[in-house]
Amino acid sequence: MNTATSQQTSNRNSRKLVYGIGAIIIIFVIMQFVRFFIPEFALDNPPVTNTVAWDSPETEALWQTACADCHSNETVYPWYAYIAPVGWLVAHDTHEGRSKLNISDGSEIELREMIEVIEEGEMPLPIYIPMHPDANLTDSQRTALIDGLRATFGSTSTRDANTTTTNTETSGDDGDDDGD
Ligand code: HEC
């Protein structure tokens, strides 16, 4: 029989497997260095040039829990952020979040948008919740955060704060003019 040939084939196969695993390991190791060269994937914290005068420590704490990692330059990167490719996703979300809203750099703060995304459950980003269960705010925490953001940022963007009350919803209007 051809035991010799089948032995050769299996040798060749195991060599291929070893090479394959070696290649994957090498690629994985190279991936770990990408963040040092591509700014998009950097786990950075640019300097804080604007400090927020929070209305209360509670508001600040809620913000830190649910929003700060993606909307400030005081991001606390979790351990898995240091492992590519997961870290690329973390860095990407952080940079994109900061580009829309960053309380650390003096850029404009849209109070009305902040309130909207919290009310609609768009923020914090759902992908953030599994590894940050505390960021899954309860209804009362959400209300407290919104009130606190109003109190904190209301004066710097009054225009925004006021437009929330000009809601033209007419539910309950029975259409007659008896005054109720
Ligand atoms: C895991 C990262 C992450 C967290 C945590 C997070 N955000 Fe965001 N945020 C983003 C990203 C990414 C965007 C831009 C993409 C988008 O709008 O979905 C964004 C966009 C926004 C915008 C702009 C929306 C728009 O339509 O332009 C606001 C306002 C905002 N976030 C507020 C918040 C608030 C308030 C919290 C906390 C309750 C929060 N975010 C938590 C990542 C995050």
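1. M123 touches C67, V117 and I118, leaving aside residues up to four places away in sequence. The model is a predicted one, and M123 sits in its loop between helix 5 and helix 6. M123 counts as buried because 21 C-beta neighbours lie inside 10 Å, against a threshold of 20 or more.

2. The peptide bond from M123 to P124 is cis, with omega near -5°. P124, like M123, belongs to the loop between helix 5 and helix 6. A further cis bond runs from A84 to P85, where omega is near 5°; P85 is placed in the loop between helix 3 and helix 4. As background, most peptide bonds are trans. Both bonds may be worth a look in the model above.

3. Which residues are closest to the ligand? They are C67, C70, G97, M123 and P124, out of 19 residues that surround the ligand. Helix 3 (68-71), helix 4 (86-100) and helix 5 are the elements that give two or more residues to this shell. By class, the shell around the ligand divides into 11 nonpolar, 2 polar and 6 charged residues. Two of the closest residues, M123 and P124, are the pair joined by the cis bond with omega near -5°.

4. Helix 5 (residues 111-119) and helix 6 (residues 139-153) have axes that come within 10 Å and cross at roughly 180°. Helix 5 is therefore roughly antiparallel to helix 6, since angles over 145 degrees fall in that class. On the helix 5 side the contact is made by L111, M114, I115 and I118. Helix 6 contributes R142, L145, I146, L149, R150 and F153. The residues of this contact are 8 nonpolar, no polar and 2 charged.

5. Within helix 5, L111, M114 and I118 are buried. They lie on the same side of helix 5, because they cover an arc of only 65° around the axis. In general, an α-helix has 3.6 residues a turn, so residues three or four places apart point the same way. L111, M114 and I118 also belong to the contact with helix 6, and I118 is among the residues that M123 touches.

6. Just after helix 5, G121 takes a positive phi of about 70°. For context, most residues other than glycine have a negative phi.

7. Is D44 buried, exposed or partly exposed? D44 is partly exposed, because 14 other C-beta atoms lie within 10 Å, which falls between the limits of 12 or fewer for exposed and 20 or more for buried. D44 is found in the loop between helix 1 (3-31) and helix 2 (57-66). From T94 it is 50 residues away in sequence and 9.3 Å away in space, C-alpha to C-alpha.

8. On the chain as a whole, the protein has 7 helices and 0 strands, and its elements run α-α-α-α-α-α-α from the N terminus on. Of its 180 residues, 19% count as buried. Among contacts between residues at least 6 apart in sequence, 80% join residues at least 24 apart.

Notes
Residues numbered from 1 in each chain as written. Predicted model: local features only at pLDDT ≥ 70, side-chain atom pairs only at ≥ 80, totals over all residues. Axes fitted to C-alpha atoms, helices over the stretch in contact; angles between N-to-C directions. Helix = DSSP H or I, 4+ residues; strand = E, 2+ residues; numbered from the N terminus. Parallel < 35°, antiparallel > 145°, perpendicular 65-115°, else oblique. Contact = placed C-beta atoms within 7 Å. Nonpolar A, V, L, I, M, F, W, Y, C, P; charged D, E, K, R; others polar. Arc of directions from axis to C-beta. Near = placed C-beta within 6 Å.
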